[in-house]
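This briefing goes through one protein structure topic by topic. Please look over the sequence and the model before reading on.

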Amino acid sequence: MKTLLLTFGLLSSSFFAFNQNLNIGDSYQGGIVAYLEPSGEFGFIAATSDQSTSAQWGCYGSSIPGANSLTIGAGDNNTTAIVSSCVDAGIAAKICDNLTLGGYSDWYLPSKDELSQLYQNKIAIGGFANDLYWSSSQD
């Protein structure tokens, strides 16, 4: 959990299916292609910049049913569970859920494995701040 001395960045992402030739790092649907499954048919997009440096994960100390999946593709469901169960204002999942970039409003807080893929592809997608980042996976 966040301590008072640390600042957390917040990346939003969006999962998509497509029938075009895209590569990691390409601009697409309001963000940057950040991950492609080996088939090349599915992937997710990262926002082009961090959305907050001060958002809390939310509902500290509470278990959020449905927000525990770590896998790629789970961030959207985790985010929905967090937004539905946590009434705290200004939390990371709500910032992503309410986000509209480039006309697209299907953003979510990435799962732990999605965040790991974002980090692995950080050079192609514009880098990461020298900071910590939230995922939607509660563990």
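The model described here is a predicted one.

**Helix H1**

- The buried residues of H1 are Gly 75, Asn 78, Thr 79, Ala 81 and Ile 82.
- Viewed down the axis of H1, these buried residues fall within an arc of 160°, so they line one face of the helix.
- An α-helix has 3.6 residues a turn, so residues three or four places apart point the same way.

- Thr 79 is located in helix H1.
- With a relative accessible area of 1%, Thr 79 is buried, because buried means under 20%.
- Beyond its neighbours within four places in sequence, Thr 79 is in contact with Ala 93, Asp 97, Tyr 108, Leu 109 and Ser 136.
- Val 83 also lies in helix H1.
- The relative accessible area of Val 83 is 24%, so Val 83 counts as partly exposed.
- Not counting residues up to four places away in sequence, Val 83 touches Ala 93, Lys 94 and Asp 97.
- Between Val 83 and Asp 97 there are 7.8 Å in space, C-alpha to C-alpha, and the two are 14 residues apart in sequence.

**Nonpolar cores**

- The largest nonpolar core has 14 residues, and those with the most contacts inside it are Trp 57, Ile 64, Ile 82, Cys 86 and Leu 109.
- Two elements give two or more residues to this core: helix H1 (75-85) and helix H2 (92-97).
- H2 provides the largest share of this core, three residues.
- Another core, of 10 residues, lies apart from the largest one, and Tyr 108, Leu 115, Ile 125 and Tyr 133 are among its members.

**Cysteines and the disulfide**

- The structure holds one disulfide.
- That disulfide is formed by Cys 59 and Cys 86, with their sulfur atoms 2.0 Å apart.
- The pair links distant parts of the chain, 27 residues apart: Cys 59 is in the loop between strand E5 (42-46) and H1, while Cys 86 is in the loop between H1 and H2.
- The torsion about the S-S bond of Cys 59 and Cys 86 is about 105°, so the disulfide is right-handed.
- Both Cys 59 and Cys 86 are buried.
- Leaving aside neighbours within four places in sequence, Cys 86 is in contact with Gly 58, Cys 59, Ile 64, Ile 91 and Lys 94.
- Cys 96 has 0% relative accessibility and therefore counts as buried.

**Aromatic pairs**

- The count of aromatic pairs comes to three.
- One of them is formed by Tyr 35 and Phe 44, which are stacked, at 5.2 Å centre to centre and with 25° between the planes.
- Tyr 35 and Phe 44 are both buried.
- Tyr 119, Phe 128 and Tyr 133 form one aromatic cluster.

Notes: Residues are numbered from 1 along each chain as its sequence is written. This is a predicted model: local features need pLDDT of at least 70, side-chain atom pairs count only at pLDDT 80 or more; totals for chains, interfaces and linings use all residues. Side-chain values use heavy atoms; hydrogens and water are left out. A nonpolar core is a set of buried Ala, Val, Leu, Ile, Met, Phe, Trp, Tyr and Cys residues joined through side-chain atoms within 4.5 Å. Buried means under 20% relative accessible area, exposed over 50%, partly exposed in between (1.4 Å probe, protein chains only). Helices (H or I, at least four residues) and strands (E, at least two) are DSSP runs, numbered from the N terminus. Contact means heavy atoms within 4.5 Å. The arc is that of the directions from the helix axis to the C-beta atoms. A disulfide is a pair of cysteine sulfur atoms within 2.5 Å. Rings of Phe, Tyr and Trp (its six-membered ring) pair if their centres lie within 6.5 Å; planes under 30 degrees apart count as stacked, over 60 as edge-to-face and the rest as tilted.
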